[in-house]
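Subject: Structure for you, with notes

Hi,

Here is the structure I promised to send over. Have a look at it first, and then read my notes below.

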Amino acid sequence: MPEGDTVWQTAKRLHDALAGRVLTHSDFRVPQYATVDLTGRTVLNTAPRGKHLLTRLEGGLTLHTHLRMEGAWKVYGTGQAWRGGPGHQIRIVLGAGDRMAVGYRLSVLELLRTEDEERVVGHLGPDLLGPDWDPELALANLYADPDRALGEALLDQRNLAGIGNIYKSELCFLLGVTPWLPVGALPEDRAALLPGMAQRLLEVNRARPVRQTTGLPRKDLYVYGRASRPCLRCRTPVRVADQGDGTQERPTYWCPTCQSGPAPAPGTAQRWRERYPRPAR
């Protein structure tokens, strides 16, 4: 799932391509909006809100999209081949002059009055990359349910908006605790660091083509995606297990040596162990 920095980059691409320009092409490829035509309207801006995208148009309209697991917006120039996926995955095409913005696999696509935006994003906590960022409120939101596992609390966009599975695993590693540690058990000194650390990670990565959390050459992430490979600090094999209620695939990575706290429930790591067996010694 795209995380806050990726959504920010997507919003910037859409804004740079369309903002201040009159739409000359409008093609909704979903039944609900099949007859809607936005041509002739000027695009005012595209703004990210957590993992949501809000493209505002003159006349008080907002196009609300969400990338979820596999969605993407691509911007193409005149004559450039569209390479975001097969045609049947396209949900919307917006064109302005020599720029064409194509939305692929958008599971959330709706047109609403701009004055009603709070209906779709009002539930979100402080946005790590937004003007409303409030570290104290974000921490208070996390502590509102002290018995909840830290990893799950970080993913809850009502607490703070923008963290996905990658940053969840990396933040827990940097804090030295497992993602299954209850929020209330997080040592105070590390809890105080959490909001600022999360915000800095997303902020430095929003301008990077490749996300990096380590500061090490050719080693981008500490634990995410490194199942069975040596921890970059202690060389212990990194582990992976599911976290959450099981309704979504949430592979969660951690180092059992560098991170203290509870381990996942028995059985949640089994299928990942089969997929990423430990190398023979």
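Glu117 counts as buried because its relative accessibility is 10%, where buried means under 20% relative accessible area, exposed over 50% and partly exposed in between (1.4 Å probe, protein chains only). Before you go further, please keep in mind that this is a predicted model: local features need pLDDT of at least 70, side-chain atom pairs count only at pLDDT 80 or more, and totals for chains, interfaces and linings use all residues. Residues are numbered from 1 along each chain as its sequence is written, and side-chain values use heavy atoms, with hydrogens and water left out.

Back to Glu117: it forms a salt bridge with Arg56, with 2.7 Å between the closest N and O atoms (a salt bridge being a side-chain nitrogen of Lys or Arg within 4 Å of a carboxyl oxygen of Asp or Glu). This pair links distant parts of the chain, 61 residues apart: Glu117 is in the loop between β8 (108–113) and α2 (118–121), and Arg56 is in strand β3 (residues 52–57). Helices (H or I, at least four residues) and strands (E, at least two) are DSSP runs, numbered from the N terminus.

How many salt bridges does a search of the whole structure find? There are 10. One of them joins Arg211 to Asp5, the closest N and O atoms lying 2.9 Å apart. Here too the partners come from distant parts of the chain, 206 residues apart, with Arg211 in the loop between α6 (188–205) and β9 (239–242) and Asp5 in helix α1 (residues 4–18). Both Arg211 and Asp5 are buried.

Asp156 and Arg148 also meet through their side chains in a salt bridge (2.7 Å, N to O). Asp156 counts as buried because its relative accessibility is 9%, whereas Arg148, at 24%, counts as partly exposed. Then there is a network of salt bridges that links Arg21, Asp98 and Arg99.

Next, helix α5 (residues 165–175). Is it mostly covered or mostly open? Mostly covered, with 10 of its 11 residues buried. Among the buried ones are Lys168, Glu170, Leu171, Cys172 and Phe173. The buried residues of α5 pack against α1, α4 (150–155), α6 and β10 (251–254), contact here meaning heavy atoms within 4.5 Å. Just after α5 comes Gly176, which takes a positive phi of about 75°.

Last topic: the rings. I get 5 aromatic pairs, counting rings of Phe, Tyr and Trp (its six-membered ring) whose centres lie within 6.5 Å; planes under 30 degrees apart count as stacked, over 60 as edge-to-face and the rest as tilted. Phe28 and Tyr33 make a tilted pair, 5.5 Å centre to centre with 45° between the planes. Phe28 is buried at 5% relative accessibility, and Tyr33 is buried with a relative accessible area of 9%.

Phe173 and Tyr222 make a stacked pair, at 4.7 Å centre to centre and 25° between the planes. They link distant parts of the chain, 49 residues apart: Phe173 belongs to helix α5, Tyr222 to the loop between α6 and β9. Phe173 is buried with a relative accessible area of 1%, and Tyr222 is buried with 10%. Tyr222 has another neighbour to look at: Arg233 lies over its face, 5.1 Å from the ring centre (a charge sits over a ring if NZ of Lys or CZ of Arg is within 6 Å of the ring centre and within 35 degrees of the ring normal).

Cheers
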